[in-house]
Amino acid sequence: ALDGATGAIAEQWPSAMLAGKARSVALDPTGQWLYVLTRDLDRVQSFRVDHQARSLTPVSTIEAGNDPEEVALDPTGRFLYVSVWSSDEIRAFRVEEGTILEPAVSIEAPGNPVKARFSPGGDFALVPLNTADHIATYAIDPQNGALSIVLPGRNCDDTPLAVGVHRSGRYAYAAVHGGTQDNGHLSSFDF
């Protein structure tokens, strides 16, 4: 538990066993469901979170694609997105009560996609395309979570690694590796 006054982590829960090595996690907005990407096995596992019992219970497992990079959950908690590095795609899965439903809806995302971030209302996803040196904007279909390109990309100079969206939904910030520069930098955008 996290101490709200001091920020200290008060107690560790018993560990939940994973099939594979964890790479990325996403927690649904209610705090009831946790999704874990195990990159070495190319899977996403879901867990029920029981705060009272301090336990994580496995719910479902799906194949995520070859060499998945990150997992993200939209703000509504209805759609799970997996960025698949090797095939330059983003896979969208519907989720219900912690169960990841197949089949996935996939969209091409050329340039090695990394973790998606979302507008506060869940209408849009921003995805850094690492080797394409830009951030793409996708509209989210509210029925099945499918992504459709809205803007092909906002140039970030060199190798965007992560993006954050302001809670107002009006601004986005990108952490950029910097390539040949000694230091990385931050790019800021109106959204």
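In this predicted model, the hairpin of β10 and β11 has four residues between the strands, and Asp133 in this hairpin takes a positive phi near 60°. Strand β10 spans residues 124-129 and pairs with β11 in the antiparallel sense over six bridges. Within that pairing, Ala125 has Tyr138 of β11 as its bridge partner. Strand β11 covers residues 134-140; six of its seven residues are buried, so the strand is largely enclosed by the rest of the structure.

An open sheet is built from four strands in the order β5-β6-β7-β8, with antiparallel pairing. The edge positions belong to β5 (68-73) and β8 (99-108); each has a single partner strand, so one side of each is left without a neighbour in the sheet. From one strand to the next, the twist averages 25°. Strands β5 and β6 run antiparallel and are joined by five bridges. Leu73 has Leu80 of β6 as its bridge partner.

| Strand pair | Bridges | A bridge pair |
|---|---|---|
| β10 and β11 | six bridges | Ala125 and Tyr138 |
| β5 and β6 | five bridges | Leu73 and Leu80 |

Strand β6 (residues 79-84) also contains Ser83. The relative accessibility of Ser83 is 4%; because buried means under 20%, Ser83 counts as buried. A polar atom of the Ser83 side chain lies 2.7 Å from the backbone oxygen of Val114. Leaving aside residues up to four places away in sequence, Ser83 touches Pro68, Glu69, Glu70, Glu89, Pro113, Val114, Lys115 and Ala116.

Notes:
Residues are numbered from 1 along each chain as its sequence is written. This is a predicted model: local features need pLDDT of at least 70, side-chain atom pairs count only at pLDDT 80 or more; totals for chains, interfaces and linings use all residues. Side-chain values use heavy atoms; hydrogens and water are left out. Helices (H or I, at least four residues) and strands (E, at least two) are DSSP runs, numbered from the N terminus. Buried means under 20% relative accessible area, exposed over 50%, partly exposed in between (1.4 Å probe, protein chains only). A polar contact is a pair of N or O atoms within 3.5 Å; within protein, one must be able to donate a hydrogen and the other to accept it, and residues adjacent in sequence count only if both atoms are side-chain atoms. Contact means heavy atoms within 4.5 Å. Two strands pair if DSSP finds at least two bridges between them. Axes are lines fitted to C-alpha atoms, for helices over the stretch in contact, and angles run from 0 to 180 degrees between N-to-C directions.
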